[in-house]
Amino acid sequence: MMMKNNLSCCVLLHFFCCCLLLPALVLSHHIHGNPASDIVDIINKNRTDEKLPRLNDSPGLGCMALQYVELCKGNCTENNVVNCRPPEDDFTEVFAPNCGVELPTFGTITGHIVGCQRKYIEPLLVFSEVLIKDKKSLSLLKNKSHTEVGVGLVGLHKGPFFWCVLFSNGQTNTTFVLENRGAGIQQKKGCYSGSTTPCSGGQKSSVAFFNIFFMCYVSILLFKLL
């Protein structure tokens, strides 16, 4: 009888582990690394394939791209179109100050691409299905005047996810310079290219942590019954 009870507890423990650990694993796999930087790599790969020069990955532009989509989140139509257009003044009066971009280094933004998707998809699919999906965006990608690029990404708990690409013709390391190399930026949600901070899942990471903590707590209680 004692052996049967022990076996039942072990089965129950295994069940709790599977139920609680699986969501944590799924959520941690949902967004990993820095997909915004992955998009920059894909952009440069496509440009070099067309014999065009690589673009400098600008953290200043990337941070402002994140600010752009942070402002637009929630404005994604059923057809995955971003229904949001911030005023041009927001770049210098809102986005740049929020990122700590030194205003004397604010350069010219030569173009931008914005897209959204109801669910999270991998960067390669984002590039082909969300960002570069028509002749206009393809022409912008191949523009020879671009020298720098920055990408921002932000998503709600269950979607949609918003992407923004900003292009500039500024000189490397002299335009869109971040104060203290961006050390003062408090990145709470999303991510941007050129940053060493991994993409924040916001509520996702807290849910995963709670699941693991609760699993450990239940495990201790069950072991006491053995």
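Modeller: Happy to. Let us start with helix H2 (residues 35-49) and helix H5 (residues 123-131), which pack at an angle of about 70° with their axes 9 Å apart. This is a predicted model, so please read every value here as computed from predicted coordinates. H2 and H5 are therefore roughly perpendicular to each other, and their crossing is right-handed. On the H2 side, the contact is made by Pro 35, Asp 38, Ile 39, Ile 42, Ile 43 and Asn 46. H5 answers with Pro 123, Leu 124, Val 126, Phe 127 and Leu 131. By class, the contact of H2 with H5 has nine nonpolar, one polar and one charged residues.

To place that pair in the whole, the protein chain has seven helices and five strands. Read along the sequence, the elements follow the pattern α-α-β-α-α-β-α-α-β-β-β-α. Of the 226 residues in the protein chain, buried ones make up 42%. Among contacts between residues at least 6 apart in sequence, 76% join residues at least 24 apart.

Now to the cysteines. The count comes to three disulfides. One of them is formed by Cys 63 and Cys 99, with their sulfur atoms 2.1 Å apart. This pair links distant parts of the chain: Cys 63 sits in helix H3 (residues 59-72) and Cys 99 in helix H4 (residues 89-99), 36 residues apart. The link of Cys 63 and Cys 99 is left-handed, with -95° about the S-S bond. Cys 63 has a relative accessible area of 2%, so it is buried. Cys 99 is buried too, with a relative accessible area of 2%.

Another disulfide is formed by Cys 72 and Cys 84, whose sulfur atoms are 2.1 Å apart. Cys 72 lies in helix H3 and Cys 84 in the loop between H3 and H4, so this pair ties together parts that are twelve residues apart in sequence. The link of Cys 72 and Cys 84 is left-handed, with -70° about the S-S bond. What of the surroundings of its two ends? Cys 72 is buried, with a relative accessible area of 0%, whereas Cys 84 is partly exposed at 22%. Cys 84 is not counted as buried because its 22% is not under the 20% cut-off.

There is also the disulfide that joins Cys 76 to Cys 116, S to S 2.2 Å. Cys 76 lies in the loop between H3 and H4 and Cys 116 in strand S2 (residues 109-117), so the pair ties together parts that are 40 residues apart in sequence. With 80° about the S-S bond, the link of Cys 76 and Cys 116 is right-handed. Cys 76 is buried, with a relative accessible area of 10%, and Cys 116 counts as buried at 1% relative accessibility.

That leaves Cys 164 to mention. Cys 164 is in no disulfide, and the nearest cysteine sulfur, that of Cys 72, is 8.0 Å away. Cys 164 counts as buried, at 0% relative accessibility.

Two loop residues round out the picture. Ser 58 is in the loop between strand S1 (56-57) and H3. Ser 58 is buried, with a relative accessible area of 2%. Leaving aside its neighbours within four places in sequence, Ser 58 is in contact with Glu 148, Val 149, Gly 150, Phe 176 and Ser 193.

Thr 147, for its part, is in the loop between helix H6 (135-141) and strand S3 (148-155). At 30% relative accessibility, Thr 147 counts as partly exposed. Not counting residues up to four places away in sequence, Thr 147 touches Leu 55, Asn 56, Ser 168, Asn 169 and Gly 170. Thr 147 and Asn 56 are 91 residues apart along the chain, and their C-alpha atoms are separated by 6.2 Å.

Note on methods
Residues are numbered from 1 along each chain as its sequence is written. This is a predicted model: local features need pLDDT of at least 70, side-chain atom pairs count only at pLDDT 80 or more; totals for chains, interfaces and linings use all residues. Side-chain values use heavy atoms; hydrogens and water are left out. A disulfide is a pair of cysteine sulfur atoms within 2.5 Å. Helices (H or I, at least four residues) and strands (E, at least two) are DSSP runs, numbered from the N terminus. Buried means under 20% relative accessible area, exposed over 50%, partly exposed in between (1.4 Å probe, protein chains only). Axes are lines fitted to C-alpha atoms, for helices over the stretch in contact, and angles run from 0 to 180 degrees between N-to-C directions. Angles under 35 degrees count as roughly parallel, over 145 as roughly antiparallel, 65 to 115 as roughly perpendicular and the rest as oblique. A crossing is left-handed if the near helix is turned anticlockwise from the far one by less than a right angle, and right-handed if clockwise. Contact means heavy atoms within 4.5 Å. Ala, Val, Leu, Ile, Met, Phe, Trp, Tyr, Cys and Pro count as nonpolar, Asp, Glu, Lys and Arg as charged, and the others, Gly among them, as polar.
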